[in-house]
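Open your viewer and get ready to click along. We will go from stop to stop, selecting a few residues each time and looking at what is there.

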Amino acid sequence: MPQEQLDTLCYKIREGLPKWRDIFTWQLFKTVLMGQGLSALICGTAVTSQYLASIYYLDTPMLQSFINYSLLGITYTMALIFRRGDGNILQILKTKWWKYLLLGLIDVEANYAVVKAYQYTTLTSIQLLDCFIIPVLMILSWFFLKTRYRIIHYVAVCICLAGVGAMVGADILAGQDLGSTSDILLGDGLVLVSATLYAISNVCQEYTVKNLSRVEFLGMVGLFGSIISGIQLGILEHNEVSKIKWTWEIALLLAGYALCMYGFYSFMPVVIKMTSATAVNLSLLTGDIFSLFCGLFLFQYNFSGLYIVSLVVIFIGFILFNTVPTLNRALAPASEEEGCDNHAAEFDNSIQGCVDEISCAQAEQDQTKSRLNQRQSACVVINSVQM
């Protein structure tokens with residue numbers, strides 16, 4: 001092959017490959033950073049729950065959920081009460097109360113099911129089966145949000161799941177296969193139910209955040225979540241709550257759990273709006289690893305080098321997933337406060353805008369020509385008069 005053709009071929013190959021600066025952008029760095037912030041909050045909830053259960057023998061998941069939903073209601077539901085116009089809470093309840101009631105029920109039961117699963121199955125099974133939320137999310141996003149994934153996204157998901165497999169292997173080698181084995185089939189079923197409910201909740205959250213409002217979603221979840229969790233708390237855990245010997249340590253741990261969960265619920269819609277529910281849940285896979293790292297110092301867990309390998313592999317898969325944007329064909333109007341851009345509508349509007357600009361330019365040219373003709377005819381008249 002001649003040298004000129006070889007240089008041309010190498011040039012085309014170099015131009016066809018994506019540049020590093022096009023991949024590792026500030027947007028990707030911000031997405032990774034915010035996703036790991038959510039993982040840190042999940043780690044905070046896990047550590048405080050572990051302290052409450054193992055040291056103070058406090059097993060009240062509905063009480064912890066009720067405090068979180070109450071905080072959401074105090075802030076975001078109150079914001080909806082004082083809002084004017086169509087975004088007011090009365091207008092929302094008139095048209096969509098039953099939708100948010102179902103969403104609140106789904107979210108509450110998803111939290112309860114995964115906590116209840118620890119009584120019947122092992123930590124390894126929960127970590128593995130909890131990844132079931134990823135394929136369910138992708139399927140639901142495909143049908144309801146019209147999200148279209150590319151091959152690189154499926155490869156990235158497989159890499160992240162391989163990282164989870166390494167983490168589970170590290171748990172087994174380090175002897176961290178904690179939990180109960182009283183009814184493994186029931187426990188595994190609860191994990192799968194919880195993952196499915198979480199996927200439904202996250203898809204609804206992505207649609208609401210990108211098309212309506214983050215405050216509306218959090219306000220309605222806080223309202224109905226506090227009502228449902230309060231009723232369930234009174235039915236299922238009233239005896240456990242009455243037996244609590246309140247100390248400042250228990251109160252501090254409950255407050256720490258509530259603040260971490262409140263921060264997670266508040267910031268997760270922001271990250272979902274930037275990326276997608278699937279990308280956020282991929283970043284949350286590192287939360288279990290962070291919890292294990294904390295357990296090395298707080299609960300004397302045994303260390304394994306596979307934890308580092310798992311963390312690196314999950315990071316690689318998450319970055320790979322976010323390097324190429326997904327295609328979203330869902331067409332829905334965006335709200336004035338927060339919403340998703342309707343790309344098709346923008347494209348049509350841009351075309352119409354170009355047509356309008358061309359028409360205006362053509363009209364200005366016609367007006368200029370008519371003025372020149374008038375001036376020329378006036379000059380001819382003046383010259384004829386002078387002659």
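**Stop one: the annotated spans**

The UniProt record, an unreviewed entry, gives the annotation "transmembrane region" to residues 66-85, 126-145, 152-172, 184-203, 215-236, 248-267, 279-299 and 305-324. UniProt positions are given in the numbering used here, feature names are shortened, and annotations may be inferred rather than shown by experiment. Residues are numbered from 1 along each chain as its sequence is written. What you see is a predicted model, where local features need pLDDT of at least 70, side-chain atom pairs count only at pLDDT 80 or more, and totals for chains, interfaces and linings use all residues; side-chain values use heavy atoms, with hydrogens and water left out.

Select residues 215-236: this span is 100% helix and 0% strand, and its end C-alpha atoms lie 30 Å apart. Now try residues 126-145, where the chain is 80% helix and 0% strand, with 28 Å between the end C-alpha atoms. Helices (H or I, at least four residues) and strands (E, at least two) are DSSP runs, numbered from the N terminus.

**Stop two: the whole chain**

Zoom out. The protein has 16 helices and two strands. Of its 387 residues, 41% are buried (buried means under 20% relative accessible area, exposed over 50%, partly exposed in between, with a 1.4 Å probe and protein chains only).

**Stop three: colour by confidence**

Colour the model by pLDDT, the predictor's confidence in each residue, from 0 to 100. The average for the protein is 78, and 75% of the residues score at least 70. Which element has the highest mean pLDDT, and which the lowest? Helix H10 (residues 214-236) is the highest at 94, while helix H16 (residues 343-386) is the lowest at 45.

Select residues 331-361 next: pLDDT stays under 50 there, and the model has 29 contacts for this stretch beyond four places in sequence (contact means heavy atoms within 4.5 Å). Where pLDDT is low, the predicted coordinates should not be read in detail.

**Stop four: two salt bridges**

Show side chains now. Side chains of opposite charge can pair when their charged atoms come close. A salt bridge is a side-chain nitrogen of Lys or Arg within 4 Å of a carboxyl oxygen of Asp or Glu, and by this rule the count comes to two.

Pick glutamate 216 and lysine 96, whose side chains meet in a salt bridge at 2.8 Å, N to O. Glutamate 216 is in helix H10 and lysine 96 in helix H5, so the pair ties together parts that are 120 residues apart in sequence. Glutamate 216 counts as buried because its relative accessible area is 6%, and lysine 96 is buried at 19%.

The other pair is glutamate 206 and lysine 210, at 3.2 Å, N to O. Both lie in helix H9, four residues apart, about one turn of the helix. Is glutamate 206 buried or exposed? Glutamate 206 is buried, with a relative accessible area of 3%; lysine 210 is buried too, at 10%.

Asparagine 202 is buried because its relative accessibility is 6%. Leaving aside neighbours within four places in sequence, asparagine 202 is in contact with Ile133, Leu137, Met268, Ala277 and Asn281.

Then go to phenylalanine 66 in helix H4 (residues 61-81). Phenylalanine 66 is partly exposed at 29%. Not counting residues up to four places away in sequence, phenylalanine 66 touches Ser226, Ser229, Gly230 and Leu233.

Most residues other than glycine have a negative phi, and most peptide bonds are trans. Select tyrosine 57, in the loop between helix H3 (26-54) and H4. Tyrosine 57 is not a glycine, yet has a positive phi of about 50 degrees. Tyrosine 57 counts as exposed because its relative accessibility is 69%.
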